[in-house]
Amino acid sequence: MAIKKPTGKGPTGKHPVKKSPAPASTRAFTDVNALPVVRPAVAAKILAAAVQIGNAARAALQEPPLQFVTAEATTKPGVERWPVKTGQDPDTGLVGKNIVSGKSLGAGIVPATVEELIAINRPPDMRPATGDFPAYQSKRRETVELTVWQVDAEITVVKLEADGDYHLVIAGATGDTMIAEVPTPTAQFIGNSPWMANIKAARALIDNTFVKQLDPRDFAPVNGKLVPRESVSGRPQALPKGLPESFVPQPGMETAVPAFQTKVTPTKVRITGVGFFDADHGQTGVAHLSGIELHPTLKIELL
């Protein structure tokens, strides 16, 4: 039997086609340790390009673009459902009475968990959670908004919003989160709310535990609020003029404090407040689908 000499041809009798190596621009890297870190100027250009593409996509959907803007050095009372948020609505006298289906179960605080509150379905006439519900501008939705709830949780984020509320992200045992809000306790913000003294005490605890040690000069303006300097990779924008020395306002100067947000060391608390269905507009820590909150928060105890 004759031994065939190798011809260099493939099984079809043709010479195999040698594949050209893929261009370097399309090859996947195999070791991230081999990649350099780009210069700050290059990083800024790439970040700007990503923001521009995202803004173009939002424009196509007729949504306003996100922008890096200077923080406002003022706060002012809110508008949407503001009477309910601050205890100035006609239904305030029914809160905490625990009347369910016309039957009184006895006034008092109702213990629950973050997870149990998040699991409550939003009422059909307040859906979608992203909507606006003028019928409830000065009216509460039973049973959630007529109940004083109490939960044990961890505060993980503190934020001062443009409406003067302290926005607290509270996490349950699973790590799921919801929001608790503490309004600015002055007549300008909450009028003649019967809960003025309670709100003032809750606000003071947040100031003493989390806010007093913050230095506004360690922050930078991003998206209308001040955030820790570490939140900005490049050179930050200039801080607003007239920045106070502390985020804790001097008496009578509550409106002069700029909005800010920062994470804090997770701190276990027992927090008591009135239930509230807020609109879900992507706020930090929001309970998606339901938008349930404690608003206003009336008492905070360190555990």
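Guide: Ile271 stands opposite Ile300 in strand 10. That pair belongs to an antiparallel pairing of strand 9 (residues 260–277) with strand 10, which runs over eight bridges. The model is a predicted one, and the values here are computed from it.

Stay with strand 10. It spans residues 292–302, and eight of its 11 residues are buried. Strand 10 also pairs with strand 6 (residues 177–182). There the two run parallel, and two bridges join them. Ala180 marks the place: Leu294 in strand 10 stands opposite it. A cis peptide bond joins His295 and Pro296, with omega at about 5 degrees. Pro296 sits in strand 10 itself.

The loop between strand 9 and strand 10 holds Leu289. Leu289 is not a glycine, yet its phi is positive, about 80 degrees. Leu289 counts as exposed because its relative accessibility is 75%, and the cut-off for exposed is over 50%.

His167 stands opposite Glu181 in strand 6. The two strands form a hairpin with five residues between them. Gly175, in that turn, has a positive phi of about 95 degrees.

Strand 5 has another partner. Six bridges join it to strand 4, and the two run antiparallel. Glu154 stands opposite Ala171 in strand 5. This pair of strands is a hairpin with five residues between them. In its turn, Gly164 has a positive phi of about 85 degrees.

How many residues of strand 5 are buried? Six of the six are, so strand 5 is largely enclosed by the rest of the structure. Take the faces one at a time. In a regular strand, side chains alternate between the two faces of the sheet. On one side of strand 5 are Tyr166, Leu168 and Ile170. On the other are His167, Val169 and Ala171. Both faces are covered.

An α-helix has 3.6 residues a turn, so residues three or four places apart point the same way. Asn198 counts as partly exposed because its relative accessibility is 39%. From Asn198 to Val182 is 16 residues in sequence and 9.9 Å in space, C-alpha to C-alpha.

Strand 4 leads on to the largest pocket. Strand 4 (148–160) and helix 2 (82–86) are the elements that give two or more residues to its lining. About 630 Å³ of space lies in this pocket. It is lined by 28 residues, and the closest to its centre are Lys159, Glu161, Ala162, Asp163 and His281. By class, the lining has 11 charged, 11 polar and six nonpolar residues.

The peptide bond from Arg127 to Pro128 is cis, with omega near 0 degrees. Pro128 is in the loop between helix 3 (114–118) and strand 4. Asn223 has a positive phi, near 50 degrees, in a residue other than glycine. It lies in the loop between strand 7 (219–222) and strand 8 (225–228). Asn223 counts as partly exposed because its relative accessibility is 38%.

Last, the whole chain. It has five helices and 10 strands. Of its 303 residues, 40% count as buried. Among contacts between residues at least 6 apart in sequence, 69% join residues at least 24 apart. The accessible surface comes to about 17,900 Å², and 58% of that belongs to carbon and sulfur atoms.

Notes: Residues are numbered from 1 along each chain as its sequence is written. This is a predicted model: local features need pLDDT of at least 70, side-chain atom pairs count only at pLDDT 80 or more; totals for chains, interfaces and linings use all residues. Side-chain values use heavy atoms; hydrogens and water are left out. On a 1 Å grid over the protein atoms alone, a cavity is a set of points where a 1.4 Å probe fits but cannot get out, and a pocket is an open set with protein on both sides within 12 Å along at least five of seven lines; lining residues have an atom within 4 Å of a point. Grid points are joined across faces, edges and corners, and a volume is the space filled by probe spheres set on the points. Helices (H or I, at least four residues) and strands (E, at least two) are DSSP runs, numbered from the N terminus. Ala, Val, Leu, Ile, Met, Phe, Trp, Tyr, Cys and Pro count as nonpolar, Asp, Glu, Lys and Arg as charged, and the others, Gly among them, as polar. Buried means under 20% relative accessible area, exposed over 50%, partly exposed in between (1.4 Å probe, protein chains only). Two strands pair if DSSP finds at least two bridges between them. Contact means heavy atoms within 4.5 Å. Accessible areas come from the Shrake-Rupley method with a 1.4 Å probe; for residues, only the protein chains shown count as cover.
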